Amino acid sequence: MKFDTIKLSELAEIQTGPFGSQLHKEDYVVNGTPIVTVEHLGNRKFTEQNLPCVSDKDKERLKKYMLKTGDIVFSRVGSVDRCSYVSAEYEGWMFSGRCLRVRPCEILNSEYLYYFFSLKETKQFVRNIATGATMPSINTKFMGEVPIRVPSMEAQNKIASILWMIDDKIELNEKINNNLEQQAQTLFDNFYDSLSGQSCILSEIIDISDGTHDSPKATEHGYPLVTSKHLLPFGVDTSSANIISKADYDKVNERSKVNTGDILISMIGTVGLISYVIDSPVEFAIKNVGLFKTSKHPSLDLYILYYLKNKSTTQHIEKCLAGSTQKYISLGELRKLPIVVPSPDELAAYNLVVRPIVSEIALLMQENRRLSNLR
């Protein structure tokens, strides 16, 4: 495919959000026009939880920071390669001073540009030109230096159309899975409330360990080292994980070998993220992540999975957290989690209903991975 390589500054208007002197937290209102911050940047879409808003008066005052369909919003600090596409539903929203808005010109398909910024090489380029080691940041000048490969408009339209359809399917699968997850959790909650069996601590029925607390040296070839930020509800995302040598991989796995059907939990920072391992084969090691060896007790895996996601369990975990600067839960506390053990007949009845739901979730998750790789 023939294309020209042109700097982004020649193809788009790049705008920083309002500075602190223009917009203060005290200006936020409960109901008004939403303001997108770094925390709300998802993939294609914004995360709409806890959006700050401004009044109509401030919206008029800051109207040059209004979003239009086709804009792309970037994080200006921290994860500077994160971005979201502004679809029609976000028309008229605002963006904060910790973000950059990129507004493509007429020779650039905005959806094509969004996907161009989704390329690993483009993300790496943006990270490389950011300044600051502790908190990377990027400004309009540096962002304008990003080289964009621009094929014909016909090619841009075709590329964008195909990739958008793939993302639509991924999004549909995610909605179905969210619904299935809610069904499975409700079934567990009702089932658990009906149990009258004996209570014990979790380590009496399954083995519980944790990953390494060391920081093995990153290498070019080897195996991913998974941390809490790589945990998905089902499986893990190793695309951004550090790669460690086989020797370090084997050393970590002497302590905590993960298998298909095990359950992982984040133990530091954002504690309590739960992941059911559907990866097969499992070719990653874990760091600062708890490991429940449910693969050795396949009749218990889904029971323990939704037990760990149960509201009372999450509240119990919160009470067990230690640390002032950064919260964490110890391996000892995970091993002492109290659980009611169902009878074999009760467990069989539970699995009969829940396992088909989880199997469907896993299939849709695997389809989404294939679609993502294809994209």
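Contact is taken here to mean heavy atoms within 4.5 Å. By this criterion, residues 24 or more positions apart account for 78% of the contacts in the protein with a separation of 6 or more. The structure is a predicted model, in which local features need pLDDT of at least 70 and side-chain atom pairs count only at pLDDT 80 or more, whereas totals for chains, interfaces and linings use all residues. Residues are numbered from 1 along each chain as its sequence is written, and side-chain values use heavy atoms, with hydrogens and water left out.

The protein has 10 helices and 18 strands, where helices (H or I, at least four residues) and strands (E, at least two) are DSSP runs numbered from the N terminus. Along the principal axes, the C-alpha atoms fill a box of roughly 65 × 50 × 40 Å. Of the 375 residues in the protein, 47% are buried, a class defined by a relative accessible area under 20%, with exposed residues over 50% and partly exposed residues in between (1.4 Å probe, protein chains only). The protein carries 43 positive and 45 negative side chains, and the centres of the two sets lie 4 Å apart. In this count Lys and Arg are positive and Asp and Glu negative, while His and the chain ends are not counted; the place of a charge is taken as NZ of Lys, CZ of Arg, CG of Asp or CD of Glu.

The nonpolar cores were examined next. Such a core is a set of buried Ala, Val, Leu, Ile, Met, Phe, Trp, Tyr and Cys residues joined through side-chain atoms within 4.5 Å. The largest nonpolar core has 44 residues, of which L202, F234, F292, Y303, I304, Y306 and L308 touch the most other members. Several elements each supply at least two residues of this core, among them helix 5 (153–194), strand 14 (263–266), helix 7 (301–309) and helix 10 (344–374). The largest share, 9 residues, comes from helix 10. Helix 7 is itself mostly covered, with 8 of its 9 residues buried, namely D301, L302, Y303, I304, L305, Y306, Y307 and L308. When residues up to four places away in sequence are not counted, L202 touches I208, F292, I304, Y307, L308, L334, R335, L337 and I339. A second, separate core of 31 residues includes I72, C83, L113 and V146.

L163 lies in helix 5 and is buried, with a relative accessible area of 13%; its contacts, not counting residues up to four places away in sequence, are with Y115 and R375. L163 and G323 are 160 residues apart in sequence, and their C-alpha atoms are 44 Å apart in space. N178, which also lies in helix 5, is partly exposed, with a relative accessible area of 47%. The C-alpha atoms of N178 and S209 are separated by 29 Å, the two residues being 31 residues apart along the chain.

The structure holds 0 disulfides, a disulfide being a pair of cysteine sulfur atoms within 2.5 Å. For C105, the closest cysteine sulfur is in C83 at 18 Å, which is too far for a bond, and C105 counts as partly exposed at 24% relative accessibility. C320 is likewise in no disulfide, the nearest cysteine sulfur, that of C200, being 16 Å away; C320 is buried, with a relative accessible area of 17%.

Backbone geometry was also considered. Most residues other than glycine have a negative phi, and most peptide bonds are trans. A cis peptide bond, with omega of about 0 degrees, joins S280 and P281, and P281 is placed in the loop between strand 15 and strand 16 (285–286). N50, although not a glycine, has a positive phi of about 55 degrees; N50 is found in the loop between strand 3 (33–36) and strand 4 (53–54) and is exposed, with a relative accessible area of 72%. N288 is not a glycine either and has a positive phi of about 55 degrees, its position being in the loop between strand 16 and strand 17 (289–292).
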